[in-house]
Amino acid sequence: MTLATLSNKRIIVGIAGGIAAYKSAELVRRLKEQGAEVRVVMTEAAQSFITPLTLQAVSGNPVHMDLLDPAAEAAMGHIELARWADLVLIAPATADLMARMAAGQGNDLLTTLCLATEAPICLAPAMNQAMWRDASTQHNATVLLERGIQCFGPAEGEQACGDIGPGRMLEPTQLADSCAQQFQSEKLTGKHVVITAGPTQEAIDPVRYISNHSSGKMGFALAEAAVAAGAKVTLIAGPVTLATPDRVVRVDVISAMDMYQATHQVIPDADIFIACAAVADYRPEQVADHKLKKDPTVAEDEMIIRLVRNPDIVASVASQPSKPFVVGFAAETQDIINYAKDKLEHKNLDMIIANNVADTTVGFNSDDNAVTVISREVEEPFPPMAKTLLARKLIDFISHAVNNQH
Ligand code: PMT
């Protein structure tokens, strides 16, 4: 048995109307044993082979059957189900279901959700050997394969109808392991990643503050990519207006001091720390209790606010004896690589990601970014691209470095 795990994964088990449906309850149990959360979707024909009640009991969730039932749609509609899933496994997948999918039909809940989901879809074909060998079924299997839909099996052997040949559904344990293998590229499974994102606000008085233009987009994209790579993610966010990515634990903070404290609360348990926040280096020494007023007795057209240094959060994490793998960002406007290398050394980081914030098409508040990743071993440029895509590439790069450190 593979060591891969389904912990933290959401799987929809689709059941079509074939005799192998009796094995689906066992399949749901095997998936849950590996840590998955499972929801079951049944076609009408499937309900002739196994009862929804059995699948509700083993999955621990209500079974979904109807596309056109307003009550069922109100509870969790086909679009929500499609979005919820990390993987859709149809077991058994009958010849009829494969034909409907190959034709792009959405004439029941299961086929509709297959059209709507962006999650990978896997089929466990199960049918009589002659039906499997039939040119139409083979054509449909090829069409589905070309669309990126995978087939697990079928196996060869004795069939329920007495025939011998290909068409048996794989055993539930094999299917659960095949599902787990789909996530094996998730290089951060079991790792806790802590990410800071967004700006900080340093209060001058109750209505004014010093801050910067960070939107949090880069840090939030990194959090989403780290979750997708299997990590447990804590996102320490300055004041931003972004929605929390699914399955991310978010801690909201305002100032650099808040961010420092929130970071050190979770760092003892962290494997990787990514400091993407644009933390204010200084804060007003005094925060006025009341809104500051113009002083009519002072002639000068100026006001002096004395600033004091904030703690350097990323350097403080990197100086800990049992520190996580520490990645900093460098926001530079000139001599980018050299300044970034200085920060890598002075802050004792494992890696630094340098971005040119003088270019307004990338960096602060834009949807795109372009960076150079620098460690003591490598210097790798990443050209301009969407922050969401860049985040996935950066998480891949970081996880490779983490998994290869000695
Ligand atoms: O949020 P977006 O709009 O998407 O923009 C993304 C970004 C441009 C903010 C991001 O890509 C970025 O560059 N973040 C770091 C910004 C920054 O503060 O850079 P810096 O060179 O001043 O700081 C270097 C490193 O020290 C950073 O990792 C920073 O988080 C960290 N730092 C700085 C000061 C401080 N007191 N504590 C810190 O931890």
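Lys 343 reaches the ligand with its side chain: one of its polar side-chain atoms sits 2.4 Å from a ligand oxygen atom. This is a predicted model. Pro 311 uses its backbone instead. A backbone N or O atom of Pro 311 lies 2.9 Å from a nitrogen atom of the ligand. How much of the ligand does the protein bury? Taken alone, the ligand exposes 770 Å², and the protein buries 95% of that.

Now take in the surroundings. The ligand is surrounded by 28 residues. Lys 343 and Asn 355 are among the closest, and so are Ser 214, Ser 215 and Asn 365.

Step back to the whole chain. The protein chain is divided into domain 1, residues 3-180, and domain 2, residues 192-403. Their C-alpha centres lie 43 Å apart.

Where do the two domains meet? Four residues of domain 1 are in contact with four residues of domain 2. The size of an interface is often given as the accessible area lost when the parts come together. Here, domain 1 and domain 2 bury about 340 Å² between them. Carbon and sulfur atoms hold 19% of that area. On the domain 1 side, Asn 8, Lys 9 and Arg 10 lose the most area to domain 2. Together these three account for 85% of what that side buries.

Which residues form a salt bridge? Arg 247 pairs with Asp 86, and their closest N and O atoms are 3.0 Å apart. Across the interface of domain 1 and domain 2, the rule finds one salt bridge. The rule also finds one residue pair in polar contact across this interface, with both residues at pLDDT 80 or more. What classes of residue does domain 1 bring to the contact? The side of domain 1 that touches domain 2 has three charged residues, one polar residue and no nonpolar residues.

Note on methods
Residues numbered from 1 in each chain as written. Predicted model: local features only at pLDDT ≥ 70, side-chain atom pairs only at ≥ 80, totals over all residues. Heavy atoms only, no water. Domains from an automatic or database assignment. Contact = heavy atoms within 4.5 Å. Buried area = accessible area lost by both parts, 1.4 Å probe. Salt bridge = Lys/Arg side-chain N within 4 Å of Asp/Glu carboxyl O. Polar contact = N/O pair within 3.5 Å; in protein donor to acceptor, adjacent residues only side chain to side chain. Nonpolar A, V, L, I, M, F, W, Y, C, P; charged D, E, K, R; others polar. Near = heavy atom within 4 Å. Areas by Shrake-Rupley, 256 points an atom, 1.4 Å probe, with all protein chains shown as cover.
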